[in-house]
There are 2 protein chains.
Amino acid sequence: MNILVTGAGGMLGRKLFAKLLAAGSVAERPITSMLLADMSGLSDVSPSDRVQTVAADVSQRGVAESLIESRPELIFHLAAVVSGEAEADFEKGYRVNLDGTRALLEAIRKIGPGYCPRFVFASSVAVFGSPLPDVIEDDQGLTPLTSYGTQKAICELLLADYSRRGFIDGIGIRLPTIAIRPGKPNKAASGFFSNILREPLAGTEAILPVDESVRHWFASPRAAVGFIVHAAALDTSKLGFHRSLNLPGLSATVGEQLEALRRVAGERAVALVKRVPDPQIRRMIGSWPRSFDARRAKELGFVAEASFDEIIRVHIEDELGGVLRV
Amino acid sequence: MNILVTGAGGMLGRKLFAKLLAAGSVAERPITSMLLADMSGLSDVSPSDRVQTVAADVSQRGVAESLIESRPELIFHLAAVVSGEAEADFEKGYRVNLDGTRALLEAIRKIGPGYCPRFVFASSVAVFGSPLPDVIEDDQGLTPLTSYGTQKAICELLLADYSRRGFIDGIGIRLPTIAIRPGKPNKAASGFFSNILREPLAGTEAILPVDESVRHWFASPRAAVGFIVHAAALDTSKLGFHRSLNLPGLSATVGEQLEALRRVAGERAVALVKRVPDPQIRRMIGSWPRSFDARRAKELGFVAEASFDEIIRVHIEDELGGVLRV
């Protein structure tokens, strides 16, 4: 199995290729070679017989063609400009998120009959915008309210059409908000959902900009990587023409997050969460999905966490070496 | 009011500019100039002080910029490759229907603050594909099953995002199947819906490839032009972020079409309809919309015909000079 990963330098990309290398196979087929592409170049990843790295912006002329020169049978397309940046920089968002994806699809199509790779596309629940029901069903329409969500929705439509025409064997997975994101606090509006757990678990303060009743939709980084790998091995004949899926996840309030933190790490950890209301974040989050039914994906074997206690334990195992220092 | 019409040489485009010229104004503002653009060049249309014509493929480099050089305040974007051609010629469909629309939107955006034209986009019920309910509600999701429908759905998403960002004041109208299309029978799978009325009304035979129980969704050319003009004058603040509308129309079976033909033109006209079943057309039509609720558009003042008798009378008035020759 020859594999291409775009956006391999991102948080999920790094976890994905580490998991693939550790497993050595996908869908019971041994991995013979893997090309890891990222704008950043992945200079910290050591190439090997099986693994090559390349600095690549897939939206630049000729780059998509060179990435699929070796005819990868499996493509994980994770490369994207994130939500906040796509909103702040309109041109960059469309160039990377839409033109980059289309360049890859076109490069594949132009190779012609006989080449039809599995194409796993990391989509997002940002394809949905208010008004939304409390629990979103599998047939919820595409109504993005951000440029990022618009770009992901357009790519989902392309994925379906290119699959229907037999150019790719595509599957789009709408990832929940990832928590607990490792690393430093970032400026994404959704960042606090991770910050209020990750920082106290490391003994430092975190800011909570909304009240405890705010409900949102989550999966751990480990679950997200599991979704991506599961999508690579899935029998896509079960998808029919509708190639993008709402994934299972955990619907939880901020209050439930904090209760889980209290159970796992005690009152001292919860006390590190400082309440600094931010009406702008509150307003943005008001239009975000709160919960999904995700029956279709569950029937197809996708599995997520069942509680925030579990999500916190996953974080302690995967990011803190199994040791809680607080 | 300075107006641009793309696809002005098409059936609806010609009826649209004729109606605009006859009215002399849109939304109570006098029309000062009108640029009619079409791939074909419109050599049969005489330019005047107010009307200019141009041969233009908006998907070609620089064309979109030149079309909006005079900063039209109102743009009717009708230019498109039709469904059958977009399916047969994948590259042409995406180039004209997606890249052409995007080029126009980008040319507008790049002019910058202060320029935000009303942008009326001719979309299609082809953005919906099976499984579909018997009556489609306003919140039905985008699930196209053709490349044409995919391209229209993508343009709707762009229209919404460009409107939300303040680059255009966009409105997308999902036109029903137009019947009775004037002119010669064409090879579109939906062509027979018009042929079985238009040809007998002119005293010639027509072929019916499906059985009489087939139900579909219709408006006359006159109603379609009415929708387009109404969209130009609408208060778009009522649309919110969801900028594309299911339009009112008439849900009718082939049997109901033929009954109307019998009432208006007699048994002799109906006898000119020859039944030649075509399983491929039957299968394609099985995935098409049969009826819409269209409450939102009705509340916004869009009006369609209430019966096929009316649609036939409109055809006799507009295309046959008011005289029935059969």
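The model is a predicted one, in which local features need pLDDT of at least 70, side-chain atom pairs count only at pLDDT 80 or more, and totals for chains, interfaces and linings use all residues. Residues are numbered from 1 along each chain as its sequence is written, while chains are lettered from A and ligands numbered from 1 in the order in which they are written.

Now select residues 147-164 of chain A, helix α5 (helices are DSSP runs of H or I, at least four residues; strands are runs of E, at least two; both are numbered from the N terminus). Of its 18 residues, 17 are buried, so α5(A) is largely enclosed by the rest of the structure (buried: 20 or more other C-beta atoms, placed from the backbone, within 10 Å of the residue's own). After α5(A) comes A:G166, with a positive phi near 85 degrees.

Finally, turn to the open sheet of three strands in chain A, ordered β9-β11-β13 with mixed pairing (strands pair if DSSP finds at least two bridges between them). β9 (177-178) and β13 (250-253) of chain A stand at the edges with a single partner strand each, so one side of each is left without a neighbour in the sheet. β9(A) runs parallel to β11 (residues 215-219) of chain A, joined by two bridges. Select A:T177 to find A:F218 of β11(A) opposite.

Terms used. The expected span of a helix is 1.5 Å times one less than its number of residues. A residue is buried if 20 or more other C-beta atoms lie within 10 Å of its own, exposed if 12 or fewer, and partly exposed in between; C-beta atoms are placed from the backbone.
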